[in-house]
Amino acid sequence: MSIKLINKKDVKEIEFVENTTIETILKNEEIPVETVVIKQNGDTVTEDEIVNDNDEIEIIKVIYGG
Amino acid sequence: MTTNVCTQCGYEKVVIHRKYNGQRLCSSCFRKSIETKVLKTIKKQKLITKGDKVLVGLSGGKDSVALLKILNILKEKHIIELEAVTIDEGIKGYREEGVRIAKNVAKELNVKHHIISFNDKYNFTIDKIMQVEQKEEHPQHACTFCGVFRRQIFNQTAREVGATKLATGHNLDDESQSILMNYLEGNINNMVRIGYKTESRDERFTQKIKPLREIPEKEIGLYVLESGYEVHFDGCPYAHESFRMEIGDFLREATLKHPTIMYSTLNGFEKIKPAIKKDYIENQTGLPNKTCVKCGEPSSQDICKSCKFLENIQKKLENEESI
């Protein structure tokens, strides 16, 4: 199973196992969850949402930090 | 499994889980909660009174756009007059977008908008200053110049338009960072000045207010996105590794495990502030309210910081041209 992760111009396919949350995906990608808004297939969601096969996850950075 | 529905209305599409109070909110209830909270802060802290003319510092970023939109609620109810000022520091590839958005937002809300550029006012841009400054052995950061000149422009514009309040988009993250930074640096004089509003004894300074002070920065980002407002989220190209950034990262990281930490930093500080003021500040003589002999602006010394910087910059620019 895989999702498409869109982070500004950076777009990539990510493989995942069943019952993975967006939070886990962001942690693996080293994206600080406290600085972003997440869209799952166009809808704003919280990081504890489970990802599904072929989901499009968009990351919008709203806070600039280190 | 947790029921992921809005704790206010039961709608199943939740956009936020506020770990500091357990709320899960849908888009509509979330936006309403932000507006209610800001208006409540304004009322509770007496930031605005009926008839005030409020000038908003509008950069086109998320905080100032959210602030203008929320204050517009009070304008629509004929409680306040509202104007906005945007400062164009001359940062190529960054500021143009903010100015464009600010223009659009002001136009959409029918808010009188003033755009003031460093180039028109001082005959240089931040880009130009930094070009020269980079050649120095110990170059100053762009923020040092930017902050001083911006403050001067804000204050002058507020006076010129007859504003009774000057509103800025400082949020909970900004404020908890300032408190912690000043505490760690032992800068008690600066620390006690942090607040919902400024309390200058000099009438030439328009009172500054911070209506978004109790809203976490991430929630302001979410608020503008969920409201469909056009904003730019880009960071300033001159932003550098600063102590503020370190403290910001630390506080945000700590918030993950301790969700109330920014609120407790702010609330704890507000509780001890009167005691610090009483025991520490009132024993100080305080800075005299002088007037800058060069520009006539209020200053603690004969020549204000802005004029000192200007003189220094002009010299450097002249040297540059003569080479």
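The C-alpha centres of domain 1 of chain B and domain 2 of chain B lie 24 Å apart, the domain bounds coming from an automatic or database domain assignment. This is a predicted model, in which local features need pLDDT of at least 70 and side-chain atom pairs count only at pLDDT 80 or more, while totals for chains, interfaces and linings use all residues. Residues are numbered from 1 along each chain as its sequence is written, and chains are lettered from A and ligands numbered from 1 in the order in which they are written.

Domain 1 of chain B covers 31–282 and domain 2 covers 287–323. Between them, 12 residues of domain 1 of chain B are in contact with 11 residues of domain 2 of chain B, a contact being two residues whose C-beta atoms, placed from the backbone, lie within 7 Å. On the side of domain 1 of chain B that touches domain 2 of chain B, the elements giving two or more residues are α5 (126–133) and α6 of chain B, and the largest share, 4 residues, comes from α6(B).

Helices (H or I, at least four residues) and strands (E, at least two) are DSSP runs, numbered from the N terminus; chain B has 12 helices and 9 strands. An open sheet of 5 strands in chain B has the order β5-β4-β3-β6-β7, with parallel pairing, where two strands pair if DSSP finds at least two bridges between them. Because β5 (112–117) and β7 (207–209) of chain B stand at the edges, each with a single partner strand, one side of each is left without a neighbour in the sheet. The twist averages 25° from one strand to the next. Strand β4 (residues 81–88) of chain B pairs with β5(B) in the parallel sense over 6 bridges, and B:I87 stands opposite B:I116 in β5(B).

| Helix of chain B | Lies across (chain B) | Angle to β4(B) |
|---|---|---|
| α3 (residues 95–109) | β4 and β5 | about 165° |
| α6 (residues 142–161) | β3 (53–57), β4, β5 and β6 (165–167) | about 150° |

Along its principal axes the C-alpha trace of chain B spans about 70 × 50 × 45 Å. Among contacts in chain B between residues at least 6 apart in sequence, 69% join residues at least 24 apart.

Terms used:
Axes fitted to C-alpha atoms, helices over the stretch in contact; angles between N-to-C directions.
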